[in-house]
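Subject: Structure handover and backbone notes

Hello,

Please find the structure below, with the notes that go with it. Have a look at the backbone geometry and at one of the helices while you read.

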Amino acid sequence: MLTIYSDDHHLHHGRCELMDGQLMPCFEMPSRADHILQRVHTRELGPVRSPQDFGRGPIERVHSAAYLDFFQGAWARWTEHGRDGDLLPYTWPARTLRAVLPTSLHGQLGYYSFDGGAPITAGTWQAAYSAAQVALTALAEIQSGAHSAFALCRPPGHHAASDLMGGYCYLNNAAIAAQAFLDQGRRKVAILDVDYHHGNGTQSIFYERSDVLFTSIHGHPEAEFPFFLGYEDELGEGPGEGFNFNYPLPAGSAWDRWSAALELACSEIEGYDADVIVVSLGVDTFKNDPISQFKLDSPDYLRMGERIARLGKPTLFVMEGGYAVEEIGVNAVNVLEGFERMSDA
């Protein structure tokens, strides 16, 4: 399996995030991708290539130009104020306030953010831009005939909506890839999000559409981030009604309960008969993940990959979360090896 990877991810290394009432070192760190890349090499998964540059055009098919302009220029505006620390929001247009776009940097940052977990640094735009190009390059491999490809994206993307960053995410790599598949002639795309946290950004982007089926298995939002999306009764709206399926699970869920939800999601994907599948590959479902509460073990990820392979569709894996840094490479590559093993059977 071909892996697409860019060293540009090292350009994004936030000093802190706001969590549990304090500023903490970021759980989303460069070593995450480094460990995965090392495992890809150790297991001889396949060749590793750098991404092509497809420009902003495919990204603008998912994200608004105004949001992209803000994100791309935010650091320069911050340094004009003489600042060099992480740029984090401290106010948001909550339910009783107006959703207006102020002229100030901090006002705009609050408008385009939904939490304090997505710091902007000097290299964040370039890292996120390159991650989107990683996904688009892996997509091009599938469009050229490959059965699968792995986009080793960092920073992750599935919490980013069309004009909203948060949850370590700035550009929605999986959604950008799904839209690009459609723009390049595919009829229908299925997205399977296996990250511990609900892919609220991906859901919101496609919620009123029938050409993308979204399925997500995640910690129940009654108790888990992002709290305000990911419930079972969210089934899509308008033309998208019946094309959105959430499988929220309680803390402590292990492979038996998790795999039952995977079967339900796979059943929906099989009935949808998509041309291609995009997997938002988060491995923060691991039992030792520091910010998640599921109990999957490393061998379970092999079985996860095998079940996805049985769907029998061209599949693009897009890296999302996973914060048990020592094990993230083993678990992510286990999914890919399980997929390859079943596909070759």
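E44 is exposed, with a relative accessible area of 69% (exposed means over 50% relative accessible area, buried under 20%, and partly exposed in between, with a 1.4 Å probe and protein chains only). Its phi is positive, about 50°, although E44 is not a glycine. E44 sits in the loop between α1 (31-42) and β4 (48-49). Helices (H or I, at least four residues) and strands (E, at least two) are DSSP runs, numbered from the N terminus.

Before the rest, the basis: this is a predicted model, in which local features need pLDDT of at least 70 and side-chain atom pairs count only at pLDDT 80 or more, while totals for chains, interfaces and linings use all residues. Residues are numbered from 1 along each chain as its sequence is written, and side-chain values use heavy atoms, with hydrogens and water left out.

Most residues other than glycine have a negative phi, and most peptide bonds are trans. Y168 is not a glycine either, yet has a positive phi of about 75°. Is Y168 buried or exposed? Y168 counts as buried, at 9% relative accessibility. Its place is in the loop between β5 and α6.

The loop between β5 (148-151) and α6 (173-183) also holds P155, which is joined to R154 by a cis peptide bond with omega of about 5°. Another cis peptide bond runs from F225 to P226, with omega near 10°. P226 belongs to the loop between β7 (212-219) and β8 (244-249).

Helix α8

Helix α8 covers residues 255-272, 18 residues in total. From its first C-alpha to its last it reaches 25 Å, close to the 26 Å expected at 1.5 Å a residue; the expected span is 1.5 Å times one less than the number of residues.

Which residues of α8 are buried? They are W255, W258, S259, A261, L262, A265, C266, I269 and Y272. Seen down the helix axis, the buried residues of α8 fall within an arc of 155°, so they line one face of the helix; the arc is that of the directions from the helix axis to the C-beta atoms. D256 and G271 are exposed on the other side of α8.

The buried residues of α8 pack against β6 (189-193), β7, β8, β9 (276-281) and α9 (298-309), where contact means heavy atoms within 4.5 Å. Just after α8, D273 takes a positive phi of about 55°.

Regards
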